[in-house]
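Please look at the sequence and the model together while reading this report. It begins with the open spaces and then turns to the sheet and the helices.

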Amino acid sequence: MKKVWTSLLVTTLATSALAGCASNNNGSVASPTASSAAPVSSASTNGEVQEIHVFHFMVEISEQFNAMTEEFSKKYPNIKIVNDIVGGSTDWKSDLKTRFAAGDGPDVFAVDGPSMLKLWQSRIADLSNEPWVGNALPFAKEAASIDGKLYGMPYNLQGFGLVYNKDHFAKAGITQTPKTLTELRDAAEKLKKAGITPFGNGYGEWWIFGMHQMNIPFAQQPDPDQFIQDLSDGKATIKGNALFEDYKNFLDLTLKYGNDNPITTDYKTQETLFAGGQVAMIHQGDWAEAPMRQMNPDMGNIGLMPLPINDDAEKMDRLEVGLPLFWALNKESKHLEAAKTFMNWMVTSDAGKKYLTEQFKYIPAYNNIEATSLGALSQVVLEYSKANKTIPWNFSSWPDGATNEFHASMQAYVAGKLKYDEALAKMDEAWKDLYKK
């Protein structure tokens, strides 16, 4: 399914509205409890205030998201939104499972891809007939569908790679962005000679190392979906795969030219290093721009480039682009219609659209929302997408729990507790065990 919607992404970007436009990082974020005089919600019942709990992991936009839900509650005073924003260094997937196990599942919650939608399928509502469906981009709906029914509401596109400081590159005499591993090594050496630490490695963060970075050798496979299927069928292994060997060369390069204590460096610290100009490159995505500019408005010129793991310039010049989340609706919610009202408002009202594009600075997954006010990094994501130079986010198709196991194995390698082959063998064992569950 991933292969299908990845190709549809490019086609849709070329013909949809996108063509028209061309924290807290550690744990829960306090939620607003907005209410004020305003029109009465059509979802209200006899003046009763209906409380909708919304759970997501986008800590980088926590303040803006809280402001958006406050604005919603001004419009619908009988619907009170309570936000639970859990992400950054906190394992939000485990947190979500714990809430449901305790009988305290949220009404609306974010999931990060097809495998999680399937995992939660028995608990979430069919959204196929909601009013926003007609405007959702086709590839986005394809990714959120199971057995012909739509179980997730797409929201936006994002991409990740190497975020780099253009001013540091210029100071070091780097005139072109590296397209191969050899060119990246040369750039790192120039930066070092200029007195600039080339890489800020956030290998203490499970999703940076175990999810996003481990996605690279998966996404660069000739057929990523087939490789994943072959792993599950026991016809392929991670250990011995040529692209995982290539990835080791990139990883070792970042360690040689990187910051101290990489396996204790988390997302917040990594952002701080980059925003403060202490490092020239970090492995991050377009979502990181807004919080880093908040940290340092004088951060300067920054860019985003694909992450090369070998010297095949054409294949390495592809950016990892995907759908970061889908909104799911708890079918056991006591206030289903109120929850649907909120979800619809986010992508159809002028206020909801404004927050999506101007405050969150996201690339919308809808043909009725123009992508305005994009940041420098999101603009690169859009350009690579329109040029058909993208590779998929495969981690959303991995067995549940694989990212944590991958993170632990790679951390053990970086710490010198496992040889690289031993770490890859651990990953094979984890995949086999998790796939059986």
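The second largest pocket is lined by 16 residues, and those lying nearest its centre are Gly103, Asp104, Gly105, Pro106 and Asn330. Strand 1 and helix 4 are the elements that give two or more residues to this lining. By class, the lining of the second largest pocket divides into two nonpolar, six polar and eight charged residues, where Ala, Val, Leu, Ile, Met, Phe, Trp, Tyr, Cys and Pro count as nonpolar, Asp, Glu, Lys and Arg as charged, and the others, Gly among them, as polar.

This is a predicted model, in which local features need pLDDT of at least 70 and side-chain atom pairs count only at pLDDT 80 or more, while totals for chains, interfaces and linings use all residues. Residues are numbered from 1 along each chain as its sequence is written, and side-chain values use heavy atoms, with hydrogens and water left out.

**Pockets and cavities**

Rolling a probe the size of a water molecule over the atoms shows where empty space is left. On a 1 Å grid over the protein atoms alone, a cavity is a set of points where a 1.4 Å probe fits but cannot get out, whereas a pocket is an open set with protein on both sides within 12 Å along at least five of seven lines; lining residues have an atom within 4 Å of a point. Grid points are joined across faces, edges and corners, and a volume is the space filled by probe spheres set on the points.

| Space | Volume |
|---|---|
| Largest pocket | about 860 Å³ |
| Second largest pocket | about 330 Å³ |
| Largest cavity | about 340 Å³ |
| Second largest cavity | about 40 Å³ |

The largest pocket is lined by 30 residues, and the closest to its centre are Ser115, Lys118, Ser396, Ser397 and Trp398. At least two lining residues of the largest pocket come from each of helix 5 (114-119), strand 4 (145-146), helix 10 (224-233), helix 18 (402-414) and helix 19 (420-436), where helices (H or I, at least four residues) and strands (E, at least two) are DSSP runs, numbered from the N terminus. The lining of the largest pocket has 13 nonpolar, nine polar and eight charged residues.

Around the largest cavity there are 22 lining residues, of which Phe57, Trp92, Trp207, His212 and Trp287 lie nearest the centre. Strand 7 (156-165) and helix 9 (206-219) are the elements that give two or more residues to the lining of the largest cavity, and the largest share, four residues, comes from helix 9. The lining of the largest cavity divides into 14 nonpolar, six polar and two charged residues.

The lining of the second largest cavity includes Leu162, Tyr203, Phe250 and His283. Its residues divide into five nonpolar, seven polar and no charged, and the largest share, three residues, comes from strand 9.

**The sheet**

Strands of a sheet pair through backbone hydrogen bonds, either parallel or antiparallel. Here five strands form an open sheet in the order 2-1-3-12-6, and the pairing is mixed; two strands pair if DSSP finds at least two bridges between them. The edge strands, each pairing on one side only, are strand 2 (79-85) and strand 6 (153-154). Strand 1 (residues 50-56) and strand 2 run parallel and are joined by seven bridges, and His56 has Ile85 in strand 2 as its bridge partner.

Helix 4 (residues 92-101) packs on the sheet, touching strand 1, strand 2 and strand 3 (108-111), and its direction makes about 145° with that of strand 3. Contact means heavy atoms within 4.5 Å, while axes are lines fitted to C-alpha atoms, for helices over the stretch in contact, and angles run from 0 to 180 degrees between N-to-C directions.

**Helix pairs**

Helix 8 (residues 181-193) packs with helix 11 at an angle of about 5°, and their axes are 11 Å apart. That makes helix 8 roughly parallel to helix 11, because angles under 35 degrees count as roughly parallel, over 145 as roughly antiparallel, 65 to 115 as roughly perpendicular and the rest as oblique. In this contact, Leu181, Leu184 and Arg185 of helix 8 meet Asn249, Phe250 and Leu253 of helix 11.

Helix 3 (residues 62-75) and helix 16 (residues 350-359) pack at an angle of about 170°, with their axes 10 Å apart, which makes helix 3 roughly antiparallel to helix 16. Gln64, Ala67, Met68 and Glu71 in helix 3 meet Ala351, Tyr355 and Gln359 in helix 16.
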